[in-house]
Amino acid sequence: FFQAEDGIRDYKVTGVQRVLFRSHSLQRAEFIRCYPSDPMAITALLDMVANPTSTPWRKQQELLFRRAGEGEDFRLYVPLAPGEEEAQKNRLRVLVMAECHNTPYAGHLGRDRTLDRVKRNFWWPGLADDVAAYVRTCDTCQRTKDRNHPPLGLLQPLPVPPRPWATVGMDFVGPLPRTRSGKDGRHHGDY
């Protein structure tokens with residue numbers, strides 16, 4: 001489906017894209033549909049027209065690829081999807097991260113290994129931060145993985161006061177949302 005040309009790998013042999021593009025979750029056409037509304041893709045297309053020899057971008061079979069660094073292979077650019085909400089915009093990126101982290105062959109391997117899997121084949125600005133946030137909020141990892149730091153220590157109980165009102169404790173909470181009657185949890189007036 002892709003030919004190796006200008007450092008762009010033959011995507012038939014890279015497992016992640018093969019799984020992604022053949023799965024129900026991602027279609028090649030979705031990437032192509034998202035490019036016209038993605039600011040980075042628009043900039044890339046203009047850059048390819050203005051600087052065809054020096055740009056890190058390439059277009060092949062209507063997909064955008066970017067060279068991540070000097071001497072490196074081109075990686076498929078994952079655009080922002082059209083939409084108002086952040087979750088809608090990041091839909092394709094979340095699907096890529098899920099494929100590289102959640103699937104049985106990926107194995108919930110943590111931030112660094114997930115980042116390595118994603119970076120082998122894909123690129124977008126803020127990729128490392130997005131992968132770190134995704135792995136940090138992975139429900140399965142939170143429930144099943146051990147912490148990789150020493151135990152936090154024992155709780156330190158407060159001493160028992162010698163007499164009533166010898167010690168007064170106070171918890172600060174707020175700001176609280178307003179109720180239907182307009183109160184916000186603060187005391188106004190006498191008891």
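Is Asp-116 buried, partly exposed or exposed? I looked this up and found that Asp-116, at 40% relative accessibility, counts as partly exposed (buried is under 20% relative accessible area, exposed over 50%, partly exposed in between, with a 1.4 Å probe and protein chains only).

I note that this is a predicted model, in which local features need pLDDT of at least 70, side-chain atom pairs count only at pLDDT 80 or more, and totals for chains, interfaces and linings use all residues. Residues are numbered from 1 along each chain as its sequence is written, and side-chain values use heavy atoms, with hydrogens and water left out.

**Salt bridges**

I counted 4 salt bridges, each a side-chain nitrogen of Lys or Arg within 4 Å of a carboxyl oxygen of Asp or Glu. One of them pairs Asp-116 with Arg-120 at 3.0 Å between the closest N and O atoms. Both residues belong to helix H6 (residues 111-121) and stand 4 residues apart, about one turn of the helix; helices are DSSP runs (H or I, at least four residues), numbered from the N terminus. I found Arg-120 partly exposed, at 42%.

I next examined Glu-30 and Arg-91, whose closest N and O atoms are 2.4 Å apart in a salt bridge. This pair links distant parts of the chain, helix H2 (residues 28-34) and helix H5, 61 residues apart. Glu-30 is buried at 12%, whereas Arg-91 is partly exposed at 35%.

**His-101**

I located His-101 in helix H5 (residues 91-101). His-101 counts as buried because its relative accessibility is 0%. Its side chain makes a polar contact of 2.9 Å with that of Thr-114 (N or O atoms within 3.5 Å, one able to donate a hydrogen and the other to accept it; residues adjacent in sequence count only if both atoms are side-chain atoms).

Terms used:
Helix = DSSP H or I, 4+ residues; strand = E, 2+ residues; numbered from the N terminus.
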